[in-house]
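The following paragraphs lead through selected contacts and pairings of one structure. The sequence and coordinates come before the discussion.

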Amino acid sequence: MLPSDAAATSQLSRRRFLEFLGRGTLAAVGLSALPLLEACQRVPLAAPKPPRLFDPLAPAIEDRLRLVEGLNYREVLRWEQPLREGLQVGMHNDYLAFFPLPGTADEGLLWVNHEYITPALLHRFGPAPKTRAQFDRERSEVGGSVVHVRKTAQGWQPVPGSERHQRVTATTPLPFAWDVPIVGARQAIGTLGNCAGGVTPWGTVLTCEENYDLFWGERQSDGSRRSSLYGWENFENLPPEHYGWVVEIDPATAQGKKLVALGRCAHECATVHPLPDGRCVVYTGDDKENEFIYKFVSDQPNDLSRGTLYVANTETGTWLPLVWADQPDLKARFKDQTEVLINLREAGRILGATPQHRPEDIEIDPRTGHVFVSCTMNKSKADYTGHILRIDELGDYTSPSFRVERFLSGGPDTGFACPDNIAFDPRGGFWFTSDIAGYDIGTANFAPFGNNGLFYVPTEGPQAGEVLQVASAPNDAEFTGPLFLDGGRTLLLSVQHPGEESKAPEALTSHWPDGGTSYPRSCVVAISGPLLDTLAAV
Ligand code: FEO
Ligand code: CA
Ligand code: CA
C-alpha cells in the first residue's frame, strides 16, 4: 500500500507497466509480456523492427481538433442545436452514455451531461449584473440531454424532431431517494454540475453533480451560506444541500431521483460494477483538492437507494464504513446517517480517509477487474501533472481491504498532465483524456503539454506502456465522455469548453468548430478511421 503522496516517487518502466497491467493478452499469442520485451532487446540491429502502431501527435497549441493519421471526425451534436420544438442541446457537454433501442444497434438514446456554463459566451458578453432572463437561461443549459440518435450515411446523427428527445435541467423536479427530508424537502429542484457518470445494469444513467457550489454556493460550518460564482442565490433561495448528489435518470422517461445513500460531495463519476447476486458496487471520487475516493455497496439488486458507503484510506488499504450507527466518532459529531451523508467530506476526515489529488474518473478494466482512478493534480501539494492509481480489491468487490499502486504519472517524461476521463475499448486498450485548465495551458508548469489531449496506452506490441497522444483539443478545451460504439469502430467524444477563457467578443480565444470570427461551441464528435479499426475494433 502506498500513501498517495509517497507514491509520487517512481515512474513505471515499460516492463513494469506490463507486469502491472496484469494482462493476459500477450499470453494469448503465445508470449508472456516479459519475454517479449526481453526478446526485443536481443534482436540484432540488422533485423527489421516490428511495425509501430502509429506516430503520436506532438503537443501544440492550435485552435483545431487535431488527430493522428488514420483518424477523422464528424460532428454529432453542438451546443444550442435544436432537438425538437422548444428543446435544444445544453452547454458544455461532458459524460456520454448510449442505450440502444430494442432490436437494433443502429439507433438509441444518447445521454449527454451538460456540466456548467460560461456566462460570457452564453450571454454573448451581455449586460451585467445578471438579469432574471439570464438566470432562467442558465438554468436551462445544464443537466443533461436525452438525444434520439440513429446511424446514417453521415454517421451518428440526432433523429430530427423525435419525441424521444428530452432534457433534464436545473428546473427539473428530482425526488430524494431517502426516507428523511433533506433540509425540509422531499425533492430537489433541478440538477447541475453534471460531470461524469455511469450506467446501471437496468438501463438507467447515473449523472454526477460535481461543482454544485458554482451555482448555489455552499453551507459553511457556522450555518451561513458561501455565495456562488454564478450568483443564482440572488434569484432564488434553494439550499446547497440539495446538490452534490449522484442522480439516477431513466433515459426513456427523463424521470429521476437523487441517490442520497451515495453521499454528497463534488462527485466526478459513479462507476457501477454488478455483483453475482444482482447487488452493485459503485465507485466515485470527490474532485476537490485533498478529498477522497468512495465505494458504495447496495443492499438490494437493481436498487441504489440503500447500501453501505465506504471511504478509502489508501495508506492502510482499507475501506472505512461511513455508517453512523457503527462509528462512535460519527455519532459524536452528527445526529444521524442523513447528516453524515450531507456532510460527507467532514465524516470522511473524521474516520481517517486519505486525502487525494483530486480524484476524477474511475473505470474498471473489463479483462482484469482492476479499478483505475485518475487523480488529476493537486496544486496545494505542488502536484501539477497528476497520476492514475490502480486499485486491486483483496477478494471480491465488497472486500474491506485493497492494494493500491500508481499506474501512470503525468509529467514531461510521459508527455501528459492532468489525467481525467478513462475508457477501455472493446479490445481492452486503455484510453484517457487530459484536463489542464484553460488558464493553465501553455503556462510555466504546463508548457510541455500544449493543448489538452486524448491518449492511448498500448497493452501489447513494441509500443506497450508508451503514452501515445491520439488527439489534441482546440484552444481552452478538454475532451470528455469517451464512449466506444460500433464494436470499437466509432469513438464518441465531447469537446468541452473551447474558448472559455475569452474575455471580450473581439478577443475570442477559440473559434472552433466553425472558424472565422464565430463563437466557440462545445460539441460531441464521432471519431473513426482505419487506425481506430486497428486499435479498438472487435
Ligand atoms: Fe468535471 Fe472533475 O471534472
Ligand atoms: Ca472530468
Ligand atoms: Ca477535470
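With which residue does D514 form a salt bridge? The partner is R78, and the closest N and O atoms of the two residues are 2.7 Å apart. The term salt bridge denotes a side-chain nitrogen of Lys or Arg within 4 Å of a carboxyl oxygen of Asp or Glu. R78 belongs to strand β2 (residues 72–78), whereas D514 lies in the loop between β32 (490–496) and β33 (523–528), so the pair ties together parts that are 436 residues apart in sequence. Strands, like helices, are DSSP runs numbered from the N terminus: E, at least two residues, for a strand, and H or I, at least four, for a helix.

The model is predicted: local features need pLDDT of at least 70 and side-chain atom pairs count only at pLDDT 80 or more, while totals for chains, interfaces and linings use all residues. Residues are numbered from 1 along each chain as its sequence is written, chains are lettered from A and ligands numbered from 1 in the order in which they are written, and side-chain values use heavy atoms, with hydrogens and water left out.

R78 also meets the side chain of E75 in a salt bridge, at 2.6 Å from N to O. R78 counts as buried, with 18% relative accessibility. Buried means under 20% relative accessible area, exposed over 50%, and partly exposed in between (1.4 Å probe, protein chains only). E75, at 29%, counts as partly exposed, and D514, at 45%, is partly exposed.

A further salt bridge joins the side chains of R403 and D392, with 3.8 Å between N and O. This pair links strand β26 (residues 402–409), which holds R403, to strand β25 (residues 387–393), which holds D392; the two residues are 11 apart. D392 is buried at 7% relative accessibility, whereas R403 is partly exposed at 39%. Elsewhere, salt bridges link E80, R124, R137, E141 and R521 in a network. The count of salt bridges comes to 34.

Attention now turns to a sheet. An open sheet is formed by 5 strands in the order β1-β30-β29-β28-β27, with antiparallel pairing. Its edges are β1 (66–67) and β27 (419–424), each with a single partner strand, so one side of each is left without a neighbour in the sheet. Two strands pair if DSSP finds at least two bridges between them. Over 4 bridges, β27 pairs in the antiparallel sense with strand β28 (residues 430–434), and F424 stands opposite F430 in β28.
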